[in-house]
Every structure is written in C-alpha cells, then in structure tokens.
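This report examines one protein model, moving from a pair of packed helices to the annotated positions and then to the fold as a whole.

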Amino acid sequence: PASLGVSKDTSYHLWGPLAGPGAAGSHTAAQGRLEGSQGGPPGAREEPGEHLGGIRERGGRGVKQGVEDGSAHLEADGRVNTGHAGVLLVERRGSYPLIDLRILKTSAQQGGVESGTRRKVKRQLSFQRYCHASRLLRGAMPNTPGSLHLLDENYLGQAAHMLSKVGTWNFDIFLFDRLTNGNSLVTLMCHLFNVYGLIHHFQLDMVKLHRFLGMVQEDYHSQNPYHNAVHAADVTQAMYCYLKEPKLAEQLSPLDVFLALMAAAAHDVDHPGVNQPFLIKTRHHLASLYQNTSVLESHHWRSTVGMLRESGLLSHMPADISQDIEQQLGSLILATDISRQNEFLSTFREHLDNQDLDLQLASHRHFILQIALKCADVCNPCRVWELSRQWSERVCEEFYRQGDLERKFHMEISPLCNQQADSVPAVQIGFISYIVEPLFDEWHRFTEPSSLSHTMTGHMHKNKARWSRLRYANTPSDSQAEEPEGGGRGGEVEGIS
C-alpha cells in the first residue's frame with residue numbers, strides 16, 4: 001500500500017464513518033483486512049461473488065480477452081488481472097453500434113468469421129471514440145462536461161434549483177438534461193457525491209472524477225431512444241431516492257453509497273440499442289465473449305472497469321481495495337439482468353417472509369442494493385404519467401427499431417419488437433404485470449411501507465389503468481384485444497434488457 005502512495009492511516013480514513021446522509025460507518029471485509037479484523041460473519045465477503053455467476057462460473061472459461069500486449073482480462077475466479085504492477089494496458093472496447101449490418105448479414109448467412117484486422121479495430125475503437133475524434137478533426141466543439149461554461153447563466157440557475165429538489169420523486173430528468181446541455185449524468189453524479197461527502201471521504205481527485213464521469217456519459221449512445229445517458233441519470237436519481245428510505249439510510253456505509261451511485265450511473269454504459277437475443281443470433285463478438293450469458297450486463301461491467309482504470313479514479317487506493325470495488329460493482333450491474341428476475345425476487349420474498357434481513361451485515365446490505373438497483377432500472381411505470389409515458393414510448397421505439405432491422409435482414413422478429421403486433425399500451429401492460437408489480441410489491445413490504453413506496457405504487461396502478469384504457473380504445477375488436485398480453489408473456493423478460 002505504501003508503494004501506491006496510501007499509508008495505513010490514510011487507508012483507514014477511506015473506510016471510516018461518512019459525515020453525511022446515509023452514514024453508518026459499517027465495516028466491510030476490505031476494511032477488516034486493512035485494520036486486521038474480520039469485517040463481518042464468516043462467508044459474508046463471498047456473497048457478492050456468488051452473484052457474479054455469469055463471470056465466475058460460466059464466463060470464466062475462455063474470457064481471457066487478450067490484446068497482443070498482454071493486457072487486462074478476467075480470470076476464472078472473476079477477478080481482473082491487470083498484468084504488471086496493476087497498470088491497465090487494455091483500451092476500452094465498445095459494442096460498436098451502429099451495428100455493422102453488412103457484417104452481421106454475412107456472418108449469419110455464411111457462418112463466417114470477421115477478419116482479424118477488422119475484429120481488432122472494432123474491439124479497440126468504440127463508436128463513440130471514433131465520432132469524438134471525427135468531431136475534433138473537423139474542429140467541432142465536443143459536447144463534454146468541459147463545455148458547461150458555454151451554458152447561459154439562467155439555465156445554470158434553473159439546473160441548480162432543480163438539484164435542490166433532486167430527492168423528490170417527480171424530478172423531471174428530461175428537463176434537467178436540457179438545462180445542463182445534455183450533461184445530466186455528470187452534473188447529477190457530481191452533486192450527489194458532494195451531498196454525501198464522498199469526494200472528501202474517499203480522497204477522490206476531482207479531475208479524475210470528472211474524467212471518469214465524462215467517459216461514462218460519452219459512452220452511452222445518444223442515438224438510442226431509451227438506453228442512453230438520460231436513462232442512466234434517471235436510474236441514478238431513483239437510486240438516490242431509495243438510498244434515502246428510512247429503513248435503509250441509517251444502515252448504509254460510505255462504500256455502500258459509493259457503489260450504489262456508481263453502479264446506477266454505469267449500469268447500461270455502451271448499450272448497443274438491441275437486446276441479448278439479437279446479439280446471439282447475429283453472432284456478435286460480445287455474445288461469444290460472454291458465452292451467451294448476461295452478455296450486455298457483463299459488457300457494461302467490463303467497460304466500467306476499463307474506464308475506472310483508464311481514468312485512474314481509484315489509483316490512490318491499495319490494489320486489493322480497488323479490485324474489491326470492481327467486484328462489487330460487477331455484482332450490482334449483473335443483477336440488472338432481467339432474465340434473473342425470478343432468482344432475485346424469490347430470494348427477496350423468502351427473506352421478507354422469514355424476517356431475517358439484517359442490514360448490519362455487509363452481505364445483506366449488498367443484496368438490498370442489488371434489489372434497489374433493479375427497482376431503479378424498471379421504475380418508469382412508477383413515475384408520474386407525463387414522465388412514465390415518455391419512457392414507455394422511448395423503450396418501445398427502441399424495440400421497434402430492432403424489429404425493423406430483423407425484418408430487413410429476414411430474421412425472426414423478436415418478441416415486443418413488431419410494431420404492427422405489439423402496441424405501446426400492450427407492451428406496457430405486460431411489462432407492469434409481469435415485471436414491475438411483483439418487484440415493487442416486495443419492495444413495498446421491505447420499506448414497511450414508506451411514503452415514497454405508497455407514491456410509487458399509486459402511480460404504477462394509475463398508469464397501468466391508463467394504458468389499459470388506451471389499449472382497448474385503439475383495439476378494433478375484442479378478439480384482437482385479448483391477444484397481445486398473452487402473446488407477449490414469453491418475451492417480456494428478454495425484450496427489455
């Protein structure tokens with residue numbers, strides 16, 4: 001640790017009690033190693049790793065993603081191997097949307113493999129970095145956090161006023177994004193880090209923090225109607241509301257808050273705008289890399305780790321602590337894989353039935369943060385109608401774009417992606433019924449229930465009823481009205497990821 005510029009006293013300061021909201025000062029296992037004590041009950045530290053099943057058990061074999069210089073990869077136990085002296089040599093790799101349909105079509109029809117040169121270029125140069133470089137070469141002004149000073153002072157004043165109400169559930173993230181000139185994610189994260197005192201507590205370098213957040217925001221694809229940086233900011237704002245829940249707030253450690261906000265901000269980074277089944281059936285390299293399991297979530301996590309290391313945000317921390325943070329971020333991000341919904345929901349329900357959740361335990365707090373992130377990720381139906389409707393239309397537009405691509409290249413159209421058969425009301429009613437309601441019913445029980453939980457469930461029921469009225473108002477016959485909800489049941493889970 002001394003060689004990394006962090007003394008034992010400084011290391012203790014990183015993990016001591018947090019002066020601010022949600023501070024409990026609970027020790028983690030990493031903290032226990034620093035102080036020579038055990039941070040929880042035996043086996044508690046292994047819990048986050050257990051939820052990394054997609055990497056530890058299935059993805060570990062053959063995940064050594066080598067670049068020719070021997071750069072970082074995931075070992076079979078799920079840890080990130082950084083090569084020499086903890087230095088990250090690998091470049092971040094994007095999923096490279098817009099998807100190269102000529103390559104996809106050739107591969108799908110002939111089973112061919114891309115040339116080594118083209119594959120190498122695609123893996124090392126993300127679409128966003130290419131566009132960013134092109135803008136710079138043309139002399140255009142990049143839309144980055146550094147351009148905030150170009151904003152009119154009136155807009156900045158309105159954005160600051162909105163931030164004073166960032167903990168309210170009717171926070172309009174679309175308006176906030178306009179007021180911040182498209183920098184809602186960076187602005188929101190910096191504000192929340194200040195609210196919780198995380199910059200001082202973890203001794204974060206402000207330049208590195210802005211660099212990291214800028215990379216995260218840039219690597220969301222603005223051309224995606226739904227999976228973009230505004231969605232990430234919306235999920236982060238929802239997570240902040242959940243962190244303030246009375247049942248949870250006073251139990252959280254500084255590390256819990258840091259992980260929750262970071263995971264919320266980066267949980268969909270570099271999302272290609274298509275779902276996992278599309279990547280699998282087009283033989284996309286990410287599907288091969290992650291062996292068709294939690295493909296997108298694994299990529300979001302790996303991209304986040306790459307950006308953390310490229311920015312050097314955690315470089316002042318001992319290597320074992322920074323790797324522990326990377327592991328727990330992976331556990332949280334992988335929990336957003338909606339195909340694992342029943343797994344998490346049944347475990348959550350069992351804990352509530354048995355009344356055995358102990359938030360003094362780091363492992364139990366971590367599990368609740370996983371559930372909170374899952375709730376934040378799908379909370380759109382629980383917003384006020386004006387916001388919920390916009391998100392619903394955006395996600396369906398993204399589905400329909402995928403369906404149009406599949407139709408164009410003579411592929412089977414994925415569930416929920418056929419604009420002629422899957423109306424927005426039908427998709428939303430099914431999504432609320434099979435995904436949102438079961439999850440938020442249990443969250444309602446967990447919060448005992450809180451005022452926020454009452455508000456969210458109230459909006460959810462009103463929005464579902466409104467979608468039902470719209471669905472039947474636009475349906476020409478009763479026989480056709482019955483079909484979409486039942487027919488969509490098998491595709492609800494895959495389509496939204």
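Which residues in H20 meet which residues in H23? In this predicted model, the H20 side consists of Gln341, Leu345, Phe348, Arg349, Leu352 and Asp353. They meet Ile435, Pro438, Leu439, Glu442, Trp443, Arg445 and Phe446 in H23. By class, eight nonpolar, one polar and four charged residues form this contact of H20 with H23.

Two packed helices are described by the angle between their axes and the distance between the axes. Helix H20 comprises residues 341-354 and helix H23 residues 424-447; the two pack at an angle of about 25°, and their axes are 10 Å apart. Because angles under 35 degrees count as roughly parallel, H20 is roughly parallel to H23. The crossing in which H20 passes H23 is left-handed.

**Annotated positions**

An unreviewed UniProt entry carries the annotation "active site" for His227. His227 is placed in the loop between helix H12 (206-218) and helix H13 (229-243). The UniProt annotation "binding site", also from an unreviewed entry, covers His231, His267, Asp268 and Asp377. These four span 147 residues in sequence, yet no two of their C-alpha atoms are more than 10.0 Å apart, so they gather at one spot.

| Residue | Relative accessible area | Class |
|---|---|---|
| His227 | 4% | buried |
| His231 | 0% | buried |
| Asp268 | 6% | buried |

Each class follows from the cut-off, because buried means under 20% relative accessible area.

His231 belongs to helix H13. Apart from neighbours within four places in sequence, His231 is in contact with Tyr226, His267, Asp268, Asp377 and Trp391.

Asp268 is found in the loop between helix H15 (254-266) and helix H16 (276-281). When residues up to four places away in sequence are not counted, Asp268 touches Tyr220, His227, His231, His300 and Asp377.

**The fold as a whole**

How many helices and strands does the protein have? Its secondary structure comes to 26 helices and two strands. Of the 497 residues in the protein, 57% are buried. Among the contacts with a separation of 6 or more, 77% are accounted for by residues 24 or more positions apart.

How values were computed
Residues are numbered from 1 along each chain as its sequence is written. This is a predicted model: local features need pLDDT of at least 70, side-chain atom pairs count only at pLDDT 80 or more; totals for chains, interfaces and linings use all residues. Side-chain values use heavy atoms; hydrogens and water are left out. Axes are lines fitted to C-alpha atoms, for helices over the stretch in contact, and angles run from 0 to 180 degrees between N-to-C directions. Helices (H or I, at least four residues) and strands (E, at least two) are DSSP runs, numbered from the N terminus. Angles under 35 degrees count as roughly parallel, over 145 as roughly antiparallel, 65 to 115 as roughly perpendicular and the rest as oblique. A crossing is left-handed if the near helix is turned anticlockwise from the far one by less than a right angle, and right-handed if clockwise. Contact means heavy atoms within 4.5 Å. Ala, Val, Leu, Ile, Met, Phe, Trp, Tyr, Cys and Pro count as nonpolar, Asp, Glu, Lys and Arg as charged, and the others, Gly among them, as polar. UniProt positions are given in the numbering used here, feature names are shortened, and annotations may be inferred rather than shown by experiment. Buried means under 20% relative accessible area, exposed over 50%, partly exposed in between (1.4 Å probe, protein chains only).
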